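Here is a friendly walk through a structure that may be new to you. Have a look at it first, and then read on.

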Amino acid sequence: MMKNLSVMQKGMVAAVFLTILTVAEYFFAVEIGDDLVRFIGLAVAAVLKAALIMEYFMHFTNIFHPSSEAH
Amino acid sequence: MSTASASTAHVGASHRLDRLRVNRVGLWLFFFSESLIFGLLLSSRFFLEGIEREHVDQVLGLGITIILLLSSLTAFTAETAIRNGNRALCQWMLLATILLGTIFAVGVGFEWATAHFGRSTPSDLVISEPAEGEEAAAGEHGECERARANPDQEVHCVHAPAYGTAFFAMTGTHATHVVSGVIMLVFAWYMVLRGNFSPNSYWGIEGTVKYWHFVDLVWVFFYPALYLVT
């Protein structure tokens, strides 16, 4: 989905998704009554957010491909 | 002659890439070791309290979370700017990150000042000598319960609620990382100001910004664990 975007644009899109996920997890925690469902939902949201940060902000995969960037 | 210089340039570029690879792997290994500490804190929070939690300021929690998230975006923009040779934008974005990080740290400090976790009555916090004839080890938990039942009575009470222990340990360790990150960002900003980085050499910015993202990454797990579960 984000293949044709520049690094900056990818970061912006990732930031938008992170904001949406953060607000969504807050309302999810407030609205959902079942403890287990809430816990699982929050855990999934946290893992998704972590994956977004690691890939688009921390460029985790670039450890193995540093030549893909000008540095 | 031109072949020789091209070969030298190629070797130089190759050496730079190798060094960059080593730097990055080293930084990620550091993140891994840090993750163990934060992971232990997170697991101890659930071990002590399960999925229960005490009352915390939800608005403050959400507010500082969004601020930290925003600071990650400004840090990312700073790194991208220096990579593209835009030094001025990099400086401004680093300054914005420093400001947002400081606001986050102040927010945590405010939370520390207002959070009580079962020590809501002043009597709960009074530490005095046990009464004459009374054994000091009469049961600190029992004394604390008595203190809550009789807020006016001064009793020997040093019991700290488990959730408070987890909360202060987690937010304290994280806030220490935030403060050290802010200090690193100030150094990075100063070095950009002095013209120390270029599109071909900006590891100092990249490493600092990655560290900042790591701090944000930790909070991604701490925020729901401390503020949202149950």
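Helices (H or I, at least four residues) and strands (E, at least two) are DSSP runs, numbered from the N terminus.

## Where this comes from

What you see is a predicted model, in which local features need pLDDT of at least 70 and side-chain atom pairs count only at pLDDT 80 or more, while totals for chains, interfaces and linings use all residues. Residues are numbered from 1 along each chain as its sequence is written, chains are lettered from A and ligands numbered from 1 in the order in which they are written, and side-chain values use heavy atoms, with hydrogens and water left out.

## Chain B as a whole

Chain B has seven helices and zero strands. Of its 230 residues, 43% count as buried. Take the contacts in chain B (heavy atoms within 4.5 Å) between residues at least 6 apart in sequence: 83% of them join residues at least 24 apart.

The accessible surface of chain B is about 11400 Å², and carbon and sulfur atoms account for 66% of that. Accessible areas come from the Shrake-Rupley method with a 1.4 Å probe; for residues, only the protein chains shown count as cover.

Over all chains, the whole structure holds 17 aromatic pairs. B:F30 and B:F31 make a tilted one, at 6.1 Å centre to centre and 50 degrees between the planes. B:F30 counts as partly exposed because its relative accessibility is 36%, whereas B:F31, at 2%, counts as buried.

Both chains contribute to one aromatic cluster, formed by A:F60, B:W28, B:F30, B:F31, B:F38, B:Y211, B:F214 and B:F222.

## Charges that meet

How many salt bridges turn up over all chains? There are five, a salt bridge being a side-chain nitrogen of Lys or Arg within 4 Å of a carboxyl oxygen of Asp or Glu. One network of them links B:R24, B:E206 and B:K210. B:E206 meets B:R24 at 2.8 Å, N to O, and B:K210 also meets B:E206 at 2.8 Å, N to O. B:E206 is buried at 0% relative accessibility, B:R24 at 2%, and B:K210 has a relative accessible area of 2% and is buried as well.

Elsewhere, B:E79 and B:R83 form a salt bridge of 3.6 Å, N to O. Both lie in helix α2 (residues 58-83) of chain B, four residues apart, about one turn of the helix.

## A patch on chain A

A:L36, A:F39, A:I40, A:V44 and A:L48 make a nonpolar surface patch of about 450 Å². A:L36 is in helix α2 (residues 35-57) of chain A, and A:L36 counts as exposed because its relative accessibility is 55%. Patches are made of residues with over 30% relative accessible area and no salt bridge: like charges are joined within 9 Å, nonpolar side chains (Val, Leu, Ile, Met, Phe, Trp, Tyr) within 5 Å.

How values were computed. Buried < 20%, exposed > 50% of the residue type's maximum accessible area, 1.4 Å probe, protein only. Phe/Tyr/Trp six-rings, centres within 6.5 Å; stacked < 30°, edge-to-face > 60°.
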